[in-house]
Structure formats: C-alpha cells, structure tokens
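Hello,

Here is the structure I promised to pass on. Please open it and keep it in view while you read my notes below.

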Amino acid sequence: MSDQHSAAHAAEQAEARWVWVVAIIIAILLCMMGYMSLHWITMPPQRMETVNPGTLHLSGEFVESNLGSALEADGSVTVRLTGNQYSFTPQCLLVPADTPLIFRATSSDVVHGFSVTGTNINLNLVPGYVSTIHARFQQPGEHSMPCHEFCGVGHAAMWAHVKVVDKQTFARAAQDKRRLSCAERS
Ligand code: CUA
C-alpha cells in the first residue's frame, strides 16, 4: 500500500518536472518569435515588397544587368537573383566572406526554392514578391544552391553555385565591375 503510494508520488513529481520543461521550451520559442518579428520585421505585412513578374527582364531592380553582387557604400553586399524554369540568374553567385550580405530575389514564373547548402539560407521565390534574407559566410568556400521547391519537369536539374571568396579578392574584382558573379556568361 505504501509502496504504491510512493510510486504514485514519484510519478507525480516526474510529471510536474516535465510540465516545467515543456513550459520553459514554449516560453523560449515565444521569446524567439517576439525577437525575430521585432528585430527583422519578418512578418509579411510589414516587409512585403511586390514586383511585376511580367516585366522583370525589361526594367527595374531585377533586369539582367543589375543581377549579381553589388558592393554597397557601407561595405555590405547586396546579391540580386531571379529563379526561372529551370535555372537561376546568375548561375554562380560570387560573395565575399566575413561581410554582411543581403539577398534579394524573385521568380519570373512559378514558385522556386532558394537554399544554400551548409547554411540556413532558405527562401521561396514567389512570382510577384521580393524575398530577402540577411546572411554572412564565415570563410571562403563553395556551396551548391539547389532549387528545393517542385517547379515542374526540370526541377531536379535546377541548381546553381555560390562561391565565397576572401574580402580582398572581392574588393579587387568590384573595382572595375558594378555587378559581380562567377557565371560564365558575365
Ligand atoms: Cu525551380 Cu524547383
């Protein structure tokens, strides 16, 4: 009888402990949501940017001559790209290591996925909208950049590269070029 009683008591204590663990995890997640939504203003209504997918190639931010990496006055780099069935433009992104980057991307046709292996860069490119993400690569290297959203028969073959070079190499290349990439075409 008393054995049964103490077993029930131990179970109750264990349950109470787990209630606290779960409550703490929920509290941490709520704090993260609050922080992210205020710090990056990630909630759609505040940062929604639209763009006409039908005229991307004719004028505006996403014309082909404006795609690639641009060195900004404050030393940061803006990388602009588009996804289209079934490739990215540029097909090879050139970025400096140890530098604040912002990616700005959109799609000219259907929804594509933009992700960079080995990082937490992961966006959907939705026609009509500009997707943005901040990133920083710690060191030079090569990453692949597969489309991760099914976008049609050529989906599996849709992927590109990201080449991270050291800051000085990038700065030198940026001296005589307004927009940089490592795609063969440019
Ligand atoms: Cu583009 Cu899958």
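Thr106 touches Val51, Leu56, Phe62, Leu81, Thr82, Gly83, Leu125, Val126, Gly128 and Tyr129, leaving aside residues up to four places away in sequence. Contact here means heavy atoms within 4.5 Å. This is a predicted model: local features need pLDDT of at least 70, side-chain atom pairs count only at pLDDT 80 or more, and totals for chains, interfaces and linings use all residues. Residues are numbered from 1 along each chain as its sequence is written, and side-chain values use heavy atoms, with hydrogens and water left out.

Thr106 sits in strand β5. Strands are DSSP runs of E, at least two residues, numbered from the N terminus. Is Thr106 buried or exposed? Thr106 is buried, because its relative accessible area is 0%. Buried means under 20% relative accessible area, exposed over 50%, and partly exposed in between (1.4 Å probe, protein chains only). The Thr106 side chain also reaches the backbone oxygen of Tyr129, at 2.7 Å.

Now the backbone. Asp98 has a positive phi, near 50 degrees, and is not a glycine. Asp98 is in the loop between β4 and β5 (101–107). Its relative accessibility is 36%, so Asp98 counts as partly exposed.

Next, the cis peptide bonds. One joins Gln85 and Tyr86, with omega about 0 degrees. Tyr86 is in the loop between β2 (77–84) and β3 (87–89). Another joins Thr89 and Pro90, with omega about -5 degrees. Pro90 belongs to the loop between β3 and β4 (92–96).

Best wishes

Key. Helices (H or I, at least four residues) and strands (E, at least two) are DSSP runs, numbered from the N terminus. A polar contact is a pair of N or O atoms within 3.5 Å; within protein, one must be able to donate a hydrogen and the other to accept it, and residues adjacent in sequence count only if both atoms are side-chain atoms.
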